[in-house]
Every structure is written in C-alpha cells, then in structure tokens.
Amino acid sequence: VPSHLASLFAQRVTAMVSSPTRDLLAVGPSVISLAGGFPDTTLIPLETVPALLAAISARHVEALQYGPTDGLPAMRDRIANVMAAEGMAVSPRDVLVTTGSQQALDLVCRVLIEPGDVVITEAPTYLGALSVFTACQASVVQVELDADGIRIDLLEEALKGRKVKAIYTVPTFQNPAGVTLSLDRRRRLVEIAHERNLLILEDNPYGLLRYSGDPVAPVFALDGGERVVYLGSLSKILAPGLRLGWCAAPPVLLEKLQLMKQVADLCTGNLSQLIASTWLAEYDWHSHVAALTDVYRVRRDAMLAALSQHFPADATWTQPQGGFFVWATLSGGVDTTALLTQALGSNVAFVPGRAAYLDGRGGASMRLSFSNVSVPEIREGVARIGALLPA
Ligand SMILES: Cc1ncc(COP(=O)(O)O)c(C=O)c1O
C-alpha cells in the first residue's frame with residue numbers, strides 16, 4: 001500500500017491482517033485441502049432451487065425489495081423452529097436475522113466492545129472470531145480447552161482481577177478443536193456469567209451435525225437467554241452462499257443490535273431469506289440434516305482411521321462427535337507452520353495451529369477438516385502429511 005494512503009488508515013485496521021486460511025483457500029485444484037471449513041456443496045439441495053424460485057416469484061412481491069432490518073417474519077419464525085430442534089425455546093421476536101452469523105458476531109462486538117475491553121475465548125478458537133475481536137481492538141485472553149471444552153479451572157483463574165465483558169465459546173463441535181463442552185461445564189459457565197455480570201457469546205453453527213454420542217443442551221437453553229447471546233447459522237445445514245445467520249439475545253441488547261445492523265447493511269437480502277424460509281417450511285429439512293450427518297460421519301471415521309494409520313504413535317488428536325474438524329498435536333518439536341510449506345509441496349493443505357491463537361501458541365498443532373473431501377482424498381491427504389513426519 002502506498003504510504004501516503006496507509007497514513008490515512010484508522011488505528012483499528014493496523015492490527016488487521018489477512019487470515020492464513022483465507023490465503024490457503026486459494027490453493028489449486030491439484031491440492032487435497034484439509035484446510036477449508038467449507039460444507040460439501042454437492043450435498044446442498046440445489047435441485048430444489050428452481051421450484052422455490054417459481055413459488056417465491058408467484059407469491060412474494062417483496063422478494064426483490066428492501067426488507068425489515070430485523071429480518072422477514074417468516075424467516076424469524078423458521079429460525080425459532082431450527083433452534084427448537086436443539087431444545088431452545090425462543091420467540092421469533094427475539095431473533096435478528098443477519099448476513100451470516102459472522103455479521104452477528106461483528107454487530108455484537110460493535111455494540112459491546114470498547115478498545116481494550118477483555119474478551120475471553122477458548123484456546124484454540126475460531127479464527128474468524130479472532131478477526132472480529134482484533135478489528136474492534138478487544139484485549140483477547142485465550143483459555144486452554146481439553147476433550148470436554150474450555151477448562152473451567154483455568155477460566156476462573158483468568159477471570160481473577162480482570163473485568164471481562166464477554167466469553168466467546170463454540171461449545172459444540174468446536175472450530176478448530178472438534179471438542180464439545182460438557183454439561184457440567186456449561187452449567188458453571190452460566191453461573192459465572194450471572195456472578196460476574198458478563199455475557200456468554202455462544203456460537204453454534206455445527207450443533208445439528210452430530211455423528212455419535214448424545215446431544216448436550218445449548219448454553220442458551222440452560223440460561224434461558226438471560227446472559228447468553230446465541231449465534232446461529234444456516235451455512236452448514238443449508239448453504240453458506242445464502243449468507244444467512246442470526247442472533248438471539250435479551251431484548252435490551254437486541255434493540256441495539258438492530259440499530260447497528262441498520263448501520264451495517266440496512267437488512268439481509270430478502271431473496272435469500274425467502275429461499276431459506278420457504279425451503280425450511282416446505283421441505284423435510286430434518287431428513288436433509290440426517291442425510292448430511294450420514295455422509296460426514298463416514299468422512300470423520302475415515303479421517304480418524306487414517307490418523308491412526310499414518311501419524312506417529314506419540315501424536316494426539318481429538319475425537320469429534322460432530323462438526324467438521326479434528327485437531328491434531330505433534331510431539332518432537334515439529335512446527336506445523338513450517339510443515340505446511342512441505343505439505344503444500346506434497347499437494348496437501350491443512351491449517352497450522354498458530355492461526356487459532358493470537359499469542360503465538362499452537363505451533364505443534366494443526367486443524368484437519370473432513371467436510372469437503374471424499375474418503376479417498378482424506379486417506380491420501382492424511383497419508384501424505386504422515387509421510388512428512390518423523391516416525
Ligand atoms: C465457529 C464459526 N462461527 C461462525 C462461522 C461463520 O458462519 P457464517 O457462514 O454463518 O457467517 C463459522 C464458519 O466457518 C464458524 O466455524
């Protein structure tokens with residue numbers, strides 16, 4: 001960037017850099033990418049779109065018009081129905097439709113966060129969330145997780161002597177670690193939010209994609225929506241190209257989020273909302289989600305089996321019960337950022353663990369995604385990475 005332009009930039013963009021996964025998504029077709037967190041778009045019911053569009057153009061004059069800032073009533077209604085499938089009771093009035101759940105997180109931060117305010121996240125965490133927190137100049141404190149999600153003992157330690165505004169968590173099939181927060185820890189999280197008057201930001205795009213084990217109540221359901229802002233998405237169960245997400249929040253907060261949404265983009269596209277709400281109303285979306293889980297389960301199992309076969313005996317990895325990701329950690333001083341360069345030479349990509357931290361941790365870990373690759377590609381991709389590792 002020419003320096004005469006750079007000198008005009010606002011302070012808040014100085015710390016913003018392109019995310020390593022975004023750069024990785026640009027890898028060529030010859031590369032087996034275990035990097036991206038994309039759903040498999042061949043599983044999306046594209047064949048239903050012409051009939052949906054015909055029905056929408058016959059019935060909805062508002063399809064190409066501006067819409068209400070909080071979303072079309074039919075969309076908010078269907079969102080409440082999707083949340084009910086995970087055991088959450090919410091009124092459509094308490095839902096704000098957003099342009100992907102990424103926008104919901106951005107709006108929440110714009111409403112809540114002053115530069116320097118402390119936000120706690122899991123370590124590792126979703127890098128798109130780190131981008132939002134960086135953009136709003138939050139001070140991010142990352143707390144280690146284990147197989148049962150964020151470690152509450154370390155969380156309580158991190159809270160000592162700090163005024164914390166929010167705890168951001170992906171409690172179910174976490175991105176990037178694949179782990180799920182246990183029910184006991186969820187309950188304690190809600191208690192902490194009440195004790196300390198802070199908000200829990202529960203980001204749950206993967207919750208309906210469970211391949212094994214029993215469902216665990218969302219934090220929002222345990223709290224009754226008092227101190228929890230719930231971020232939902234249709235990206236993983238329907239189509240990310242529609243850019244449809246939402247947040248459910250206490251009314252006082254929702255009011256501010258609506259005002260901020262108006263600032264950001266006036267409203268989410270009506271056409272997307274009509275496609276999604278009609279599809280959710282008229283097709284058996286539960287069967288679609290069941291079909292997705294059948295496909296992704298086989299891929300998860302293939303990845304776990306390939307890791308056992310091709311990774312060194314002292315490597316460890318998580319055992320996700322759903323979602324898109326396995327988090328693997330290597331021993332022997334392997335640095336996964338350097339390993340990625342070698343892996344790209346072998347035509348395979350993954351996300352190096354450091355991307356999921358702001359503080360330089362994660363160098364021994366990697367995120368491996370099984371969602372948008374075939375079983376033979378998973379086997380081959382993991383074998384190629386394994387071949388680069390010391391036995
Ligand atoms: C944890 C998490 N939150 C939010 C998002 C963004 O979802 P959306 O497409 O709804 O903006 C993703 C997408 O990968 C994600 O993994």
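Predicted model: local features only at pLDDT ≥ 70, side-chain atom pairs only at ≥ 80, totals over all residues.

Reader: OK, and which polar side-chain atoms lie by a ligand oxygen atom?

Author: Tyr-206 has a polar side-chain atom 2.6 Å from an oxygen atom of the ligand. For Arg-243, the distance from a polar side-chain atom to a ligand oxygen atom is 2.8 Å.

Reader: How much of the ligand does the protein bury?

Author: 91% of the 400 Å² that the ligand exposes when taken alone.

Reader: How many residues surround it, and which are the closest?

Author: The ligand is surrounded by 13 residues, and the closest are Ser-101, Asp-203, Tyr-206, Ser-233 and Ser-235. By type, the shell has six polar, four nonpolar and three charged residues.

Reader: Which helix gives the most to that shell?

Author: Helix H5, residues 100–112, with three residues.

Reader: Switching to Asn-204. Where is it found?

Author: Asn-204 is in the loop between strand E7 (199–203) and helix H9 (219–223).

Reader: Buried or exposed?

Author: Asn-204 counts as buried because its relative accessible area is 4%, and the cut-off for buried is under 20%.

Reader: What does its side chain pair with?

Author: The Asn-204 side chain makes a polar contact of 3.2 Å with the side chain of Glu-86. Leaving out residues up to four places away in sequence, Asn-204 touches Thr-172, Tyr-230 and Leu-231 as well as Glu-86.

Reader: And Glu-62, where's that?

Author: In the loop between helix H3 (49–59) and helix H4 (73–84). Glu-62 is partly exposed, with a relative accessible area of 28%.

Reader: What does Glu-62 touch?

Author: Asn-270 and Leu-274, not counting residues up to four places away in sequence.

Reader: Last topic, the packing. How many residues are in the largest nonpolar core?

Author: 86 residues, and those with the most contacts inside this core are Ile-120, Leu-155 and Phe-311. Helix H12 (residues 285–310) supplies the largest share, nine residues.

Reader: What does Phe-311 touch?

Author: Beyond four places away in sequence, its contacts include Ala-306, Trp-317, Met-366, Val-382 and Leu-389.

Reader: What lies apart from that core?

Author: Another core, of 26 residues, with Ala-104, Leu-105, Val-108 and Val-229 among them.

Note on methods
Residues numbered from 1 in each chain as written. Heavy atoms only, no water. Core = buried A, V, L, I, M, F, W, Y, C linked by side-chain atoms within 4.5 Å. Buried < 20%, exposed > 50% of the residue type's maximum accessible area, 1.4 Å probe, protein only. Helix = DSSP H or I, 4+ residues; strand = E, 2+ residues; numbered from the N terminus. Contact = heavy atoms within 4.5 Å. Near = heavy atom within 4 Å. Polar contact = N/O pair within 3.5 Å; in protein donor to acceptor, adjacent residues only side chain to side chain. Areas by Shrake-Rupley, 256 points an atom, 1.4 Å probe, with all protein chains shown as cover. Nonpolar A, V, L, I, M, F, W, Y, C, P; charged D, E, K, R; others polar.
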